[in-house]
Amino acid sequence: MSSATEPIVGRVSSQRAINLLRNNPIFVAIALLVIITSLVEPKFLTAANFDNILRQFGTLIFAALGMTFVIMAGFLDLSIGGIISLVAVVTVTLIDKVGQGPAILIGISVGLLCGLINSALIITSGALSQAESLFITFGMSLVYGAVALMYVQGVTQFLTYSTTDISIFNAINSGGIGFLSVSAVLFLACLAVLYVIERRTYLGRAVVLTGGNKVAARLAGIPITRTIVFIYAVSGVMSAIGAVVLVSRVTLADPTMGTPYTTQAILAVVVGGTALAGGRGSVLWTVVGTLLLILLNNCLNLLGVSSYIQFVLRGVILILAIWLDRVKQDSVSK
Amino acid sequence: MVVTSAPQALLSINDVSKAFPGVRALDQVSLEVFGGVVHGIVGENGAGKSTLMKILSGVYEKDSGEIVFEGHVIDKITPFESMKLGLAIIYQELNLVNTMTVGENIFLGRFSELGGRAGVHSKARTLLQSIGSKVDTYKLVSELSVSDKQMVEIAKALSFDSKLIIMDEPSSSLTADEIQELIQIIHDLKSKGIAIIYITHKLDEIFGFCDVVTVMRDGHVIATRDVHDITRNEMISMMVGRTIENEYPPRPEAVGETILEIKGMNTKKLRDIKLTLRKGEILGLVGLVGSGRTELVRALFGADKVARKSVFLDGKPITVKSPIDAINFSMAMVPEDRKLQGLLLGFSVEQNISLAVLARLTKRGFIDAKEEGAVSDRQIKALNIKTPSGRTKIRTLSGGNQQKAILGRWLEMNPRVLILDEPTKGIDVGAKYEIYLLMKKIVEGGGSIILISSELPEVLHMSNRVNTINDGRINGEFDPSIASADEIMAKAFEFA
């Protein structure tokens with residue numbers, strides 16, 4: 001109140017900048033991370049390291065973008081790890097049988113199918129709370145993971161053993177369009193599409209409305225069932241795209257390789273600032289959240305911090321993100 | 001004159017002000033409260049009643065002014081300290097720990113002073129008995145009815161030797177019988193010399209058992225009067241800041257042919273419901289909470305799955321399996337619980353209004369943002385919704401304006417059948433009147449309304465026809481212009 005009456009313009013604008021940073025502490029965190037690491041470890045600012053960061057960004061960002069819609073609608077998807085594993089092994093084993101293009105398409109269809117199965121289970125069981133969706137998709141994660149294991153009998157499938165053309169995978173891994181890598185172009189395309197859906201379309205609005213208040217949205221004629229199908233389908237497809245990118249990068253498919261992505265994707269979404277309870281968020285925020293996680297990972301590796309400690313830090317960051325979200329919520333409701 | 005005979009005020013509030021960003025919640029408010037007096041406070045939502053009480057109990061800090069309680073100047077205070085001083089507040093949403101027992105709740109945080117479990121429960125029982133309550137102190141609070149919970153709160157207040165008890169709309173969730181018990185307790189407390197500040201929306205309660213009334217509006221105290229020196233209409237005029245001739249507009253009259261007919265509806269709760277609704281009619285549905293009145297309209301609207309129902313619109317059978325179906329048949333429903341079922345609190349006024357017509361605003365999957373803004377502006381203007389803009393978060397609006405936004409949501413689709421379940425609950429007099437006028441306008445435009453309300457006068461004044469519902473059955477039909485309130489109530493309460 002009193003600051004508004006002060007005539008000093010400079011103070012007002014710096015106040016605004018402080019408020020911006022206070023409301024978005026994630027930018028401060030990223031800046032600090034970059035500054036500290038580049039001071040301590042000069043290797044951080046090398047081109048090779050940035051290439052490395054962008055590659056790591058790959059799989060996680062696709063899964064996290066899909067997860068954003070699920071969380072914005074007030075649900076969770078714990079099955080993406082299983083989906084990534086399953087899609088990876090299906091895609092790689094099919095290359096020699098149907099060719100690389102069809103193999104990728106079939107792989108992505110498998111991701112879509114998994115998402116549809118998830119939503120069908122949630123809708124038919126009437127499990128409309130976040131906790132229930134968590135348990136159902138956790139159960140399905142075990143199923144998808146087990147199917148992946150059975151499908152390849154637990155054996156890792158090497159992309160390079162393929163007898164036919166794998167040029168698409170090579171291109172995704174190392175090719176470029178202009179100055180952007182193929183996977184970066186893929187990422188930007190997905191981001192653009194999802195962002196437009198989120199901001200402009202009926203379906204995107206239905207997602208946040210469902211997350212905001214399922215009961216009220218339903219009573220006002222918002223098709224909750226269709227929305228649930230949509231978010232899990234998006235999550236399945238985005239995870240599948242992430243799986244293809246992952247296979248391209250590591251040139252193999254392992255039936256358990258997707259597992260770590262589930263928690264990391266949720267972490268990226270929540271750290272980005274999308275409300276865990278739903279109703280508020282954006283795929284753009286998730287990009288920032290993912291960036292923070294990858295940077296942190298990269299910095300800690302460069303600084304030689306043990307991976308055990310890294311797990312601790314990841315946990316702390318998640319809790320911090322949820323706490324900050326609470327604080328924000330409380331200040332809004334006052 | 002009660003006021004002048006007591007020389008020393010128990011509580012005096014002098015020129016207290018409090019501002020929140022953008023609002024002056026209290027502007028130099030002064031008030032005196034005396035021992036043994038029931039002091040009613042009325043005012044529309046946003047008048048500053050709650051802010052004042054929260055300052056007294058230490059939830060908020062005042063910006064300026066002085067508060068003197070029993071000769072002590074109260075400056076900064078925590079809620080627990082204010083209780084210890086003898087100033088207790090009983091909030092609308094009761095502040096009890098559901099998972100603990102009654103006894104533990106009364107002496108929360110003070111077990112050791114009382115010598116443990118046995119001491120806590122015996123003291124608690126004495127306190128409860130002193131206000132005539134027979135609640136088992138070993139029961140979990142979650143198992144109690146709302147009125148018993150209120151007893152526990154009052155006992156808790158007494159356990160601090162409170163000299164002043166503030167009650168914030170205590171009767172809003174009580175049944176008629178429970179309210180009578182509450183009034184009895186208030187009389188007892190009063191005879192012990194305890195002062196009571198009674199905040200309410202119900203003017204009947206002010207004249208029923210309050211001694212003094214303070215009217216607040218827009219952060220100011222408009223007047224403090226002895227209840228014998230003020231009339232109902234004077235009080236309403238002070239609250240809304242203008243003269244309101246009546247609490248209700250004249251009843252709309254013209255009623256046409258039957259448009260909606262329920263020929264049979266059965267659920268776990270409802271037994272063979274038969275109901276007709278005519279064009280341009282307001283049909284009142286009177287019943288107790290739990291009588292099946294809400295189940296009926298929810299089933300009609302497709303909100304709940306119903307095994308067997310036979311509904312006819314314009315003489316043709318229709319199938320309504322979900323709210324979407326109902327909306328497609330031009331039906332609309334303002335649900336009972338505004339916060340849980342109606343509002344999307346985290347969203348803007350505009351997004352709350354556009355909700356029901358969102359499909360219409362969508363072209364090839366994309367929402368027409370311009371059109372959405374136009375819809376919202378139109379309803380904000382038409383319904384006189386007080387909001388800085390359509391982009392304002394709806395949670396910052398008063399209850400009355402929130403309710404008007406929900407009405408606007410449905411009016412935009414011009415519904416043929418509008419279901420209103422408790423449309424004026426917790427809404428101040430001024431906004432109520434506006435909602436009544438809107439109802440009138442809707443039926444005059446050829447729409448029909450099914451009105452459910454716990455406030456009988458509202459149903460009687462607004463409806464063309466009243467059905468009573470009791471234990472899942474429709475058991476009576478009345479013409480409210482002829483039938484008396486007693487007759488209708490007797491029917492609604494028949495077996496209860």
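# Reading a two-chain model

Mentor: Start with chain A. For its 334 residues, a compact globule would have a radius of gyration near 20 Å; chain A has 21 Å, so the two agree. Keep in mind that this is a predicted model.

Trainee: What box do the C-alpha atoms of chain A fill?

Mentor: Taken along the principal axes, the box is roughly 75 × 55 × 40 Å.

Trainee: How many helices and strands does chain A have?

Mentor: Chain A has 15 helices and four strands. Of its 334 residues, 45% count as buried. Now look at contacts with a separation of 6 or more. In chain A, residues 24 or more positions apart account for 78% of them.

Trainee: What radius of gyration does chain B have, and what would a compact globule have?

Mentor: Chain B has 25 Å. A compact globule with 496 residues would have a value near 23 Å, so chain B agrees with the rule. Its C-alpha trace spans about 70 × 50 × 45 Å along the principal axes. Chain B holds 18 helices and 22 strands. Of its residues, 46% count as buried.

Trainee: Which domains is chain B divided into?

Mentor: Domain 1 covers 2–240, domain 2 covers 246–330 + 415–496, and domain 3 covers 344–413. The C-alpha centres of domain 1 and domain 3 of chain B lie 36 Å apart.

Trainee: Now the place where the chains touch. How many residues does each chain give to the contact?

Mentor: Here is the general idea first. The size of an interface is often given as the accessible area lost when the parts come together. Here we count residues instead: 20 from chain A and 25 from chain B. On the side of chain A, helix H10 (202–212) and helix H11 (214–219) are the elements that give two or more residues. By class, that side has 10 nonpolar, six polar and four charged residues.

Trainee: Next, strands. How do I read their pairing?

Mentor: Strands of a sheet pair through backbone hydrogen bonds, either parallel or antiparallel. Take strand S9 (residues 212–217) of chain B. Strand S3 (residues 38–43) of chain B is joined to S9(B) by five bridges, and the two run parallel. Within that pair, B:Val42 has B:Val215 as its bridge partner.

Trainee: How does S9(B) run with strand S10 of chain B, parallel or antiparallel?

Mentor: Antiparallel, with six bridges joining S9(B) to S10 (residues 220–226). One pair to find is B:Met216, which stands opposite B:Val221 in S10(B). S9(B) and S10(B) form a hairpin with two residues between them. In the turn, B:Asp218 has a positive phi of about 50°.

Trainee: Is S9(B) buried or exposed?

Mentor: Buried. Six of its six residues are buried, so the strand is largely enclosed by the rest of the structure. Check both faces. On one side, B:Val212, B:Thr214 and B:Met216 are buried; on the other, B:Val213, B:Val215 and B:Arg217 are buried.

Trainee: What is the strand order in the open sheet of chain B?

Mentor: Four strands run in the order S12-S11-S14-S15, with antiparallel pairing. Strand S12 (275–278) and S15 are the edge strands; each pairs on one side only. On average, neighbouring strands are turned by 25° against each other, direction ignored. Strand S14 (residues 308–313) and S15(B) are joined by three bridges. B:Leu313 stands opposite B:Lys316 in S15(B).

Trainee: And helices?

Mentor: An α-helix has 3.6 residues a turn, so residues three or four places apart point the same way. Now see helix H10 (residues 293–301) of chain B. Nine of its nine residues are buried, so the helix is largely enclosed by the rest of the structure. Among them are B:Arg293, B:Glu295 and B:Arg298. Just after H10(B), B:Gly302 takes a positive phi of about 80°.

Trainee: Last, a single residue. Where is B:Val320 found?

Mentor: B:Val320 sits in the loop between strand S15 (316–318) and helix H11 (323–328) of chain B. It has 21 other C-beta atoms within 10 Å. The cut-off for buried is 20 or more, so B:Val320 counts as buried. Leaving aside neighbours within four places in sequence, its contacts include B:Gly302, B:Val311 and B:Phe329.

Key:
Residues numbered from 1 in each chain as written. Chains lettered and ligands numbered in written order. Predicted model: local features only at pLDDT ≥ 70, side-chain atom pairs only at ≥ 80, totals over all residues. Buried ≥ 20, exposed ≤ 12 C-beta atoms within 10 Å, placed from the backbone. Contact = placed C-beta atoms within 7 Å. Rg over C-alpha atoms; globule rule 2.2 N^0.38 Å. Domains from an automatic or database assignment. Nonpolar A, V, L, I, M, F, W, Y, C, P; charged D, E, K, R; others polar. Pairing = 2+ DSSP bridges. Axes fitted to C-alpha atoms, helices over the stretch in contact; angles between N-to-C directions.
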